[in-house]
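Take a walk through this chain, from its overall build down to single residues. Keep the coordinates open as you read.

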Amino acid sequence: MKRISNNNLLNHYIVKHNIESIFDKDILKHAQLHFYQKNEYILEAESSLEYYYLLVDGKIKISYLFENGKSMLLKFYTEFNSVGDLELLRNIPILCNIDAIEDTYLIAIPSDILRKEYLDNLKFLHHLIDSLSEKLYATINNSSYNFVYPLINRLSSYLVEHITDKNYIILSSSFLEIAQFLGTTYRHLNRTFKELESKSIIKCDNKTIYILDENRLRELSKNLYIKSI
């Protein structure tokens, strides 16, 4: 981790993400800009929460660590989001491992300062409520559909979430990351991509997915997922 001593860049992210709607200026004077390189640990499970983080640029992965040493992928975040909500509120050790998947910038505010001076602030409490409720809803929604629907429906929904005004998608995540997010294996995911290709719905060219029949893809998707990877 590197602390970036660039107030112009810090202020750029504060304005870009309207962070003054969350924190007053007396709290923002404690804000730091942290940079994590690709594949660098941001937070490690069972350690203490030193900073409350706001993801302002980059991509992070959240994994839950079990007692037997195995881990389960929960989320990828590529858009503005917060890290450490539950740990801050309950004053407990960090629950998940969090890694930088790309070079990543986070605004960091010391958690001790927030606990001592800011947990009764209505703006911040509203932010925490919105953040936690959104994460809970997304987790319940995606976990339920991973259990109920076949992979072809889940993959179709994932692809629909990434459609732009062009007729192709450039995947920003690896097939292994997508497989973990969809609750399946790399091999099963690869077979399902080939099944969609055989139906002339998509065409795969490495990490570029050409959409050949968007209507059929949307029919298969069933509008399942909240975009999070």
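How much accessible surface does the chain have, and what share of it belongs to carbon and sulfur atoms? The accessible surface comes to about 12700 Å². Carbon and sulfur atoms make up 48% of that surface. This is a predicted model, so every value here is computed from predicted coordinates.

Start with the overall build. The chain has 229 residues and a radius of gyration of 19 Å. A compact globule with that number of residues would have a radius near 17 Å, so the chain agrees with the globule rule. The C-alpha trace spans about 60 × 40 × 30 Å along its principal axes. Of the 229 residues, 46% count as buried. Take the contacts with a separation of 6 or more: 74% of them join residues 24 or more positions apart. Charge comes next. The chain carries 27 positive and 29 negative charges. Their mean positions lie 6 Å apart.

Now the secondary structure. It comes to 9 helices and 12 strands. Five of the strands build an open sheet in the order S1-S2-S9-S4-S7. The pairing in this sheet is antiparallel. Strand S1, residues 2-3, and strand S7, residues 81-83, are the edge strands. Each of these two pairs on one side only. Look at the S7 edge. Strand S4 covers residues 51-57 and pairs with S7 over 3 bridges, in the antiparallel sense. Here leucine 54 stands opposite serine 82 of S7. In a regular strand the side chains alternate between the two faces of the sheet.

Serine 111 belongs to helix H4, which covers residues 111-117. Is serine 111 buried or exposed? Its relative accessibility is 1%, so serine 111 counts as buried; the cut-off for buried is under 20%. Beyond four places in sequence, serine 111 touches Leu49, Glu50, Tyr51, Tyr52 and Leu88.

Move to isoleucine 22. This residue sits in the loop between helix H1, residues 7-16, and helix H2, residues 25-28. Which residues does isoleucine 22 contact, leaving aside its neighbours within four places in sequence? They are Phe80, Tyr118, Asn121, Lys123, Phe124 and His127. Distance in sequence and distance in space can be set side by side. Isoleucine 22 and leucine 125 are 103 residues apart in sequence. Their C-alpha atoms are 8.7 Å apart in space.

Next comes helix H6, residues 151-161. How many of its 11 residues are buried? The count is 10, and the helix is mostly covered. Among the buried residues of H6 are Leu151, Ile152, Leu155, Leu159 and Val160. Asn153, Arg154, Ser156, Ser157 and Tyr158 are buried as well. What covers them? The cover includes helix H5 (122-148), S10, H7, helix H8 (186-198), strand S11 (202-205) and helix H9 (214-221).

S10 pairs with strand S12, residues 208-211, in the antiparallel sense over 3 bridges. In this pair isoleucine 169 stands opposite isoleucine 209 of S12. S11 also pairs with S12 in the antiparallel sense, over 4 bridges. Aspartate 205 faces threonine 208 of S12 as its opposite residue. Lysine 203 has tyrosine 210 of S12 as its bridge partner. S11 and S12 form a hairpin, with 2 residues between them. In the turn, asparagine 206 has a positive phi of about 55 degrees.

Finish at serine 172. It lies in the loop between strand S10, residues 168-170, and helix H7, residues 175-182. How open is this serine? Serine 172 has a relative accessible area of 43%, so it is partly exposed. Beyond four places in sequence, serine 172 touches Lys59 and Lys207. Serine 172 and histidine 162 are 10 residues apart along the chain, and their C-alpha atoms are separated by 9.8 Å.

Definitions and conventions: Residues numbered from 1 in each chain as written. Predicted model: local features only at pLDDT ≥ 70, side-chain atom pairs only at ≥ 80, totals over all residues. Heavy atoms only, no water. Rg over C-alpha atoms; globule rule 2.2 N^0.38 Å. Buried < 20%, exposed > 50% of the residue type's maximum accessible area, 1.4 Å probe, protein only. Contact = heavy atoms within 4.5 Å. Areas by Shrake-Rupley, 256 points an atom, 1.4 Å probe, with all protein chains shown as cover. Lys, Arg positive; Asp, Glu negative; His and termini not counted. Charge placed at Lys NZ, Arg CZ, Asp CG, Glu CD. Pairing = 2+ DSSP bridges.
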